[in-house]
Protein chains: 6
Amino acid sequence: MNWVLAERIIRAALDEDLGYGDITTELTPGRDKIVTATFIVKQDGVLCGGPVAERCFTLIEPAAEVSFSIAEGDEIKAGTALGKVRAKALTILSAERVALNFLQRMSGIATVARRLARQAGPNSTIVVETRKTTPGLRLFEKHAVRVGGGYNHRMGLDGAVMLKDNHFALAGGDPAELVRAVRDRVSHTMKVIAEAGRPEMVEPLTAAGADVVLLDNFTPEQVRRAVEQIAGRALIEVSGGITEENFAKYLVPGVEAISMGALTHSVKALDISLELGL
Amino acid sequence: MNWVLAERIIRAALDEDLGYGDITTELTPGRDKIVTATFIVKQDGVLCGGPVAERCFTLIEPAAEVSFSIAEGDEIKAGTALGKVRAKALTILSAERVALNFLQRMSGIATVARRLARQAGPNSTIVVETRKTTPGLRLFEKHAVRVGGGYNHRMGLDGAVMLKDNHFALAGGDPAELVRAVRDRVSHTMKVIAEAGRPEMVEPLTAAGADVVLLDNFTPEQVRRAVEQIAGRALIEVSGGITEENFAKYLVPGVEAISMGALTHSVKALDISLELGL
Amino acid sequence: MNWVLAERIIRAALDEDLGYGDITTELTPGRDKIVTATFIVKQDGVLCGGPVAERCFTLIEPAAEVSFSIAEGDEIKAGTALGKVRAKALTILSAERVALNFLQRMSGIATVARRLARQAGPNSTIVVETRKTTPGLRLFEKHAVRVGGGYNHRMGLDGAVMLKDNHFALAGGDPAELVRAVRDRVSHTMKVIAEAGRPEMVEPLTAAGADVVLLDNFTPEQVRRAVEQIAGRALIEVSGGITEENFAKYLVPGVEAISMGALTHSVKALDISLELGL
Amino acid sequence: MNWVLAERIIRAALDEDLGYGDITTELTPGRDKIVTATFIVKQDGVLCGGPVAERCFTLIEPAAEVSFSIAEGDEIKAGTALGKVRAKALTILSAERVALNFLQRMSGIATVARRLARQAGPNSTIVVETRKTTPGLRLFEKHAVRVGGGYNHRMGLDGAVMLKDNHFALAGGDPAELVRAVRDRVSHTMKVIAEAGRPEMVEPLTAAGADVVLLDNFTPEQVRRAVEQIAGRALIEVSGGITEENFAKYLVPGVEAISMGALTHSVKALDISLELGL
Amino acid sequence: MNWVLAERIIRAALDEDLGYGDITTELTPGRDKIVTATFIVKQDGVLCGGPVAERCFTLIEPAAEVSFSIAEGDEIKAGTALGKVRAKALTILSAERVALNFLQRMSGIATVARRLARQAGPNSTIVVETRKTTPGLRLFEKHAVRVGGGYNHRMGLDGAVMLKDNHFALAGGDPAELVRAVRDRVSHTMKVIAEAGRPEMVEPLTAAGADVVLLDNFTPEQVRRAVEQIAGRALIEVSGGITEENFAKYLVPGVEAISMGALTHSVKALDISLELGL
Amino acid sequence: MNWVLAERIIRAALDEDLGYGDITTELTPGRDKIVTATFIVKQDGVLCGGPVAERCFTLIEPAAEVSFSIAEGDEIKAGTALGKVRAKALTILSAERVALNFLQRMSGIATVARRLARQAGPNSTIVVETRKTTPGLRLFEKHAVRVGGGYNHRMGLDGAVMLKDNHFALAGGDPAELVRAVRDRVSHTMKVIAEAGRPEMVEPLTAAGADVVLLDNFTPEQVRRAVEQIAGRALIEVSGGITEENFAKYLVPGVEAISMGALTHSVKALDISLELGL
């Protein structure tokens, strides 16, 4: 985790919610009392984002004490107490919503990633998210995928070469040629991923030396045939319209990775609350 | 829309995705060609976020031309072309993902808001979101709620006084007394909302002069009784566990507003793509 | 107080004054000695801004100890010691000017607000500032008004609807119609203020359902008549050319608020110095 | 003018005022009409800040046209039209307050600086501000002093060496020795100013080679004697408790500069309005 | 090139140099004349940074016209005119130093990269920089390496896994085991580089499945032996103490990449000036 | 040192290098162990940048302990241990490169400055850098010059008036006239430097009252003659094509300062490493 960046994101979120300050609590007698609040989860899931939630409080009151009794990535049952915050009531009530927004979203992502990773089983196909992350929160969402048991696709447009239909159309001519040309211009530290939009493209892209051949919108049967055809010459990624429902069908042996936009772009927040003990 | 803030959010999102740049397209012949791409929606919904998507392209290439043929807030059918971008291929491919992330998320929110607003009907109960927005994107998400036909709750902690169970517990003593004390300390430009956690609180909070009495986790039947009891002395907001499924049951005449966290905290992105004409 | 924002403002102010650093003190032997300095007020007034001044020192030297013996909002007599700073001489001399700039300005505003609040008396008309605050310092200036005993008008353009002559002219037609149309488009958390530029507008704006009718540039006599006319149907705010001199004349029973740009736009800094004990 | 910095300050000010946007005007029919508004000054003074006001509008709507018919630094009579803005009504009403806040403050400072500069006359003593500027606005306030006819003292703590009583006390020993030691450690591009807190210090500071001897809190008579004593060996600055009222008494021939905190720390905004032609 | 980031870096550089503005030119008659200046190179080299230099002027004066007659990456002879700027004299003189600082540094890096790339010859060993770039300028320095004909190593700590002696020591046990464990935890888009600090490590790291084996501080003879031993099972990178002088000795067939910190950490700026035609 | 600015630069550098985090170390067992690492210098030189390197670690892990046993500005021999860091292994490996980049660059500059300052000897000509600093790092580079024993030229374009050939050409007419005109427009706190591009300009610039006459591209013999001619009426700065090799020839008695771009624009980093004790 890059905490320099993480702090910047958290500060922006607090600032967005506070505006001129939590006027309600500032007007409430008792606001300066030191109190304790408990995070309680209302649904089964996977905990993720504890250290991020912690910073929401300590950035406002450095002396705030936040401790989670459940470890990041642990599975949690509805009704469980996850951890505690001890701070001024004003601090807790001011930062509560932002802390929960992060915690619920990150835990929601980790929960789905865990379900999929479990389905995939160990030592086999990995689950990865796509670049369909929430603008501004990619750091946290990619982290949540890892905590859940998933893996990360490239971090951004500069993390790997990824040639898709648009690139092939733009370059014109033979897609395999573009793969070869691009390979020559990237260094030994960078992977080249080439997207096969249809079965006929699999062989030429593989032969051209792509590190990864991405099978886009293939049926499970087409995937199976591509695995045989590639025969270990390239890693295989499968993507396109995969959901929790049809995921299992794509768990074809020989597939290295399944990438799913749904992991981050339509995440359901895990219901967690912060109960103030007064 | 505060475009100074909007631009800052968009720049951060582009920067997050670009890193050192779109290395794939930079290596693709034809990257400097001026091309046209078309936004196509794949699901029925409501369009929202066109001007935000537009900035994603013009911030990278000021000469990029972006035009939407469908107006913000219009309902769109699966398969419809929404608008066009004319710019360098490199610009379009570099900004595409970020532009779509905003457009899909905002249209997704507007779509749900529209469904609910329609159900509520004109001149009656309004639908509002809560502070459970995505950290850093509240500006865009609140906007999408309005475009969809919903209304906005307070913008942040400084937008209205909102006394909840925690404030009453913190202050100790009689909730009605806190309402009265706080009323005295806020100016004529600010509303005071008081949350009734159970039916017995409705009368004292109303009598104490709350502008809005928020009925939290009430059954529809309890809501009905509260409406009678309040009898126009305060505006009535209903919240707590309301979903698209049970929403209709809370459309009790006399209820001014129904607030739903689900409008923004678990939004499903509307599927929109950008097809490059080459 | 939103301390995330407050810190950003304070850092910018320190950075502006320091440039490449306090070259004078850096060249002075003894700069690393731990010394004590005392805030002394030179005029009668109201103290405001202590915690802001404190951050000026601790942001430069986290170990700096700053303590005020006088509470925020207390009245102070010329010659009184207000508090102490114990830190490296370099820290004190580097941050002194910025700390005093904030303290003097905030105390200056609080002092005027107190005089006016006292004149208005308890449980009656409140004094509020306008949006004529110093660009970049609104957070601190609005806070100072409250500390002085005043109240805050809307925080910014998004804090309340405020229909003025320009809006009525822009919309054309009947002002009352605009009030009604706008009321329908804002939620239950937001007040609608309508400005009456002349006595004839009072009745239609009130009847149209404005929460607040603002009497702009009315004579005290006109105010009195408007109070009778409105008869409790809307809150009444008075503004326009009100100064400390003519303020008392506008203290008409039934007026909820008097707003004065002069509270913040032409503030006289309270003279406070920081005396180094060496 | 450093426009990179100026833009950052202006953006922050707009953002502060807009929050989620100008909700009032956004709800007003006609908001997208292109209209013209005119800056009118209500008091006599000196115009300053036109280009800053201009950016307030063009940062929101790049196509906005702003033109001033009066030049920066020209004297303006109450009632004069200063210039025009042609833009969308929404743009004008959204940026109006911020633009006026800058324009009024800068013109207010320039007006006082002009009065003092005129009193001082040509080719003689100059008037300079101090570091008692508004935190965050020093760039604009120093500019306004120059436009008014004043001069700028050092820009910040890094702009010149300025040894005051605290530095002498801190170093211990002979002030003249500190002046000599510091002279040796600063380069040929930097001036060394030494503050004489009482008449006896004038000779040793001068003899030690200070470029400027600052006479702090001297009576006019003491200033006169110091001028004779220094006899051209150093430049002479006078400061401390000088106001518009007693300013003339300090216009002693041989005094190079009079510095006055009042120029910027208690400035009275010049009354300027923006009248919308509808 | 990520221009959102590039602009932020350029703005910071201009702001750093301008402070309160170019006071010298602001005081010079003729400052508002539109003039033309010509970039002239004083040494042989490779041009890099033209578009960056261009932004230095257009960020200050959007209407400034900057055109380079020599293309990025072209070799330039001492005395050649590279391009022209047409703008206000004030703009040119204000931005000149910053523009040249970027242009000279980027061209200096490209020049060295070109010399090395030429020595390496086509289709063989590539030259890459390391993370020893100038803090804050990595975007531009990596770009200059590419423009010169070099290639980029990973962009930052998140761009590839790179296991070095410290990681092996930290993990304890067998380095090959760490390589295997880490391979399992990174996705198919990420390369795993393992550093062999001595010849005995080459075989186990290769056998463990490193994508790249980095030979650190090997003699050319040791490199030759490692190439034979690895026999195509992994890509080979050579680093450690390689300079322009001994570079040729490391051009062993089979070596994929040679990485050199000297490319960026001790770069000699190429001498380029901007001559004003007056 | 302005630590508010310094922290901003350091944060940006850490953020640039970390991206999504140090993925290598995050995957290495033992990453959370508290370990000690030692800074070792590999070449003779002057230490500079210790406090900057320290912040690189403490900004990531506030509890990190960093201590230098060698003082800033001390001369260091190849092989010497300079100081220690005690922190989590993850912290040390994440921040190491950035810390060393700063330390090596600052020590490299201080080392050259020391060599030149020593050659110049005490109480005589000073060595100063120019504005050819690394964009974004001027604060640290100017500091390193001072720590090495050099002096600082003006900090930026606002630090002193500096009239060069371009200004004279722009103004047209007599250079001496421009010097006189500008003197009248700058305050007593600001120096006026005038550049003599050829011997004939020395007398008129001196007579016009320049505080400093800068002899640009003069031969040592021409410098000698100019010293005689100026005869103490102005300070003398020499610049233009001066390198460590020909520096001694310009040490003409009567020359106040020699400015050298090479001090900062082509600096060779001092080789320092951080060795982890495991």
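The model is predicted, so local features need pLDDT of at least 70 and side-chain atom pairs count only at pLDDT 80 or more, while totals for chains, interfaces and linings use all residues. Residues are numbered from 1 along each chain as its sequence is written, chains are lettered from A and ligands numbered from 1 in the order in which they are written, and side-chain values use heavy atoms, with hydrogens and water left out.

Start with symmetry. Two copies of a chain are related by a rotation about an axis and a shift along it. Superposition here is by least squares on the C-alpha atoms of residues with pLDDT of at least 70 in both copies. Contact means heavy atoms within 4.5 Å.

Chains B and A form another such pair. A rotation of 180° with 0.0 Å of shift along its axis superposes chain B on chain A, with an RMSD of 0.0 Å. Here 100% of the contact residues of chain B recur in chain A.

Now the interface itself. In it, 58 residues of chain B are in contact with 58 residues of chain A. The two chains bury about 4900 Å² between them, 59% of it on carbon and sulfur atoms. Buried area is the accessible area (1.4 Å probe) that two parts lose on being put together, summed over both. In chain B, Pro135(B), Leu157(B) and Leu170(B) lose the most area to chain A, together 16% of what that side buries.

The rule finds 4 salt bridges between chain B and chain A. A salt bridge is a side-chain nitrogen of Lys or Arg within 4 Å of a carboxyl oxygen of Asp or Glu. Arg131(A) and Asp17(B) meet in a salt bridge, at 2.5 Å from N to O. By class, the side of chain B that touches chain A has 28 nonpolar, 16 polar and 14 charged residues. Nonpolar covers Ala, Val, Leu, Ile, Met, Phe, Trp, Tyr, Cys and Pro; charged covers Asp, Glu, Lys and Arg; the others, Gly among them, are polar.

Widen the view to all chains. The structure holds 105 salt bridges. The side chains of Glu7(E) and Arg11(B) form a salt bridge at 3.9 Å, N to O. This pair crosses between chains, from helix H1 (residues 3–18) of chain E to helix H1 of chain B. Helices (H or I, at least four residues) and strands (E, at least two) are DSSP runs, numbered from the N terminus. Glu7(E) is buried, at 14% relative accessible area. Arg11(B) is partly exposed, at 24%. Buried means under 20% relative accessible area, exposed over 50%, partly exposed in between (1.4 Å probe, protein chains only).

Another salt bridge stays within chain B. Glu75(B) pairs with Arg118(B), their closest N and O atoms being 2.6 Å apart. Glu75(B) lies in strand E4 (residues 75–76) and Arg118(B) in helix H4 of chain B, so the pair ties together parts that are 43 residues apart in sequence. Glu75(B) is partly exposed at 43% relative accessibility, and Arg118(B) is exposed at 54%.
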